[in-house]
Amino acid sequence: MNEEELKYQIAITLLDGIGAIGAKKLIAYCGGAEAVFKEKKAALIKIPTIGQVAVKTITKSSVFAEAEEEIAFIKREGISAHFYLNKSYPQRLLHCEDGPIVLYTKGNMNLNARKIISIVGTRKATVKGKAFTEKLIEDLAPHDPIIVSGLAYGVDICAHKAALKNNLQTIGVLACGLDDIYPKAHYSTAEKMIQNGGLMSDYKSRTKLFPTQFAERNRIVAGMADAIVVIESSEKGGSLITADLGNGYNRDVFAVPGRPDDSQSVGCNRLIKQNKAALIESAKDIEYIMGWEKPDTSKQSTQASLFVELNTEEQIIFDILKSGESKALDDISLTAKLPMSKTASTLLSLEFKGVVRSLPGKIYQRV
């Protein structure tokens, strides 16, 4: 960890009035987080959509002492800080425009695992809702997915506990810093999760908890996963926000249907009715839609390379997609040294030929 670089990376997240989107724009124009703070005021003002108030905030900033305190805290507590331009950062979140500038994690987790599912729902989960959550995770266990949720009461904590029971990594996304566990009642579960999975947040330590932060953290719950499963939701709630975010991020969204007169099924039924979520009755629905049939990739990849006729660009991209791995569209384009448009059309051609499959978030892998 380069502490000097990290100081500027954390500092830019502490600037008032400059969110993740604005910070990324500043970093892109200036060439790095440190460069933003060292850039002249006249140059900053010329950056599109960056107003004078924001420029004044940057040039008169006194956030470095706070950033240094945070670095001391994460070193002391064994926390990792992932800057969005670093390799350790979750690749799925790179495709989310409002993804965190710095993501803090604690535990033993694979941030770029091949299969990640977010499971969300009401805090007032019914007995049936909890039972469905447990059965779904048990049936998905052979695929070894990471289970992501928000550590809240109801469906969230049920999903985390079911994942631990089935020896799956599970990640809790907090709406506060990693110096606090909310709710306190889930502290012991959170401790177990750190051994197989962990906790993450884009809030620094000593962050006061406000209700709006629960909705804000849901963008991470949605962005981290390949698919979002909503299990029971009333007419309004955080799980519906997560589902909407998932749709915006081009993730697959599933919802468990319920009786029309069931107050805890209103949200799920509406998602399905408005074509915002696929109806799910069991793990088989996820396996089918997500293409999780466990193909023999080694045999099929060999057969594809031997029996399918590929042109030059197709062969280059096919070779880049090593068996069993998945890569993002922009990574493939960069490695292949092909324009993004050409890469996208070539991947589509490979899909038609049955040798490549597309996953949510513009991720691709060999069939």
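Q: What makes β5 and β6 partner strands, and which way do they run?
A: Four bridges join β5 (residues 170-173) to β6 (residues 197-201), and strands pair if DSSP finds at least two bridges between them. The two run parallel. One of the bridges sets isoleucine 171 against glycine 198 in β6. By the way, this is a predicted model, where local features need pLDDT of at least 70, side-chain atom pairs count only at pLDDT 80 or more, and totals for chains, interfaces and linings use all residues. Numbering starts from 1 along each chain as its sequence is written, and side-chain values use heavy atoms, with hydrogens and water left out.

Q: Where do the strand and helix names come from?
A: They are DSSP runs numbered from the N terminus: helices are H or I with at least four residues, strands are E with at least two.

Q: Why are β1 and β9 called edge strands?
A: The nine-stranded open sheet goes β1-β2-β6-β5-β4-β3-β7-β8-β9, with mixed pairing. β1 (80-83) and β9 (278-279) each have a single partner strand, so one side of each has no neighbour in the sheet.

Q: How do you know that α11 packs on the sheet?
A: Helix α11 (residues 238-248) touches β3 (116-121), β7 (227-231) and β8 (252-255), where contact means heavy atoms within 4.5 Å. Its direction makes about 155 degrees with that of β7. Helix α13 (residues 283-290) lies across β3, β7, β8 and β9, at about 160 degrees to β8. Such angles run from 0 to 180 degrees between N-to-C directions, with axes fitted to C-alpha atoms, for helices over the stretch in contact.

Q: Why is α16 called roughly perpendicular to α17?
A: The angle between α16 and α17 (residues 340-352) is about 110 degrees, with the axes 9 Å apart. The label covers 65 to 115 degrees (under 35 is roughly parallel, over 145 roughly antiparallel, the rest oblique), so α16 counts as roughly perpendicular to α17. Leu329, Asp330, Ile332 and Ser333 in α16 meet Met340, Thr343, Ala344 and Leu347 in α17.

Q: What makes the contact of α16 with α17 five nonpolar, two polar and one charged by class?
A: Ala, Val, Leu, Ile, Met, Phe, Trp, Tyr, Cys and Pro count as nonpolar, Asp, Glu, Lys and Arg as charged, and the others, Gly among them, as polar. Sorted that way, the contact gives five nonpolar, two polar and one charged residues.

Q: What makes the peptide bond between tyrosine 182 and proline 183 stand out?
A: It is cis, with omega about -5 degrees. Most peptide bonds are trans. Proline 183 sits in the loop between β5 and α9 (187-195).
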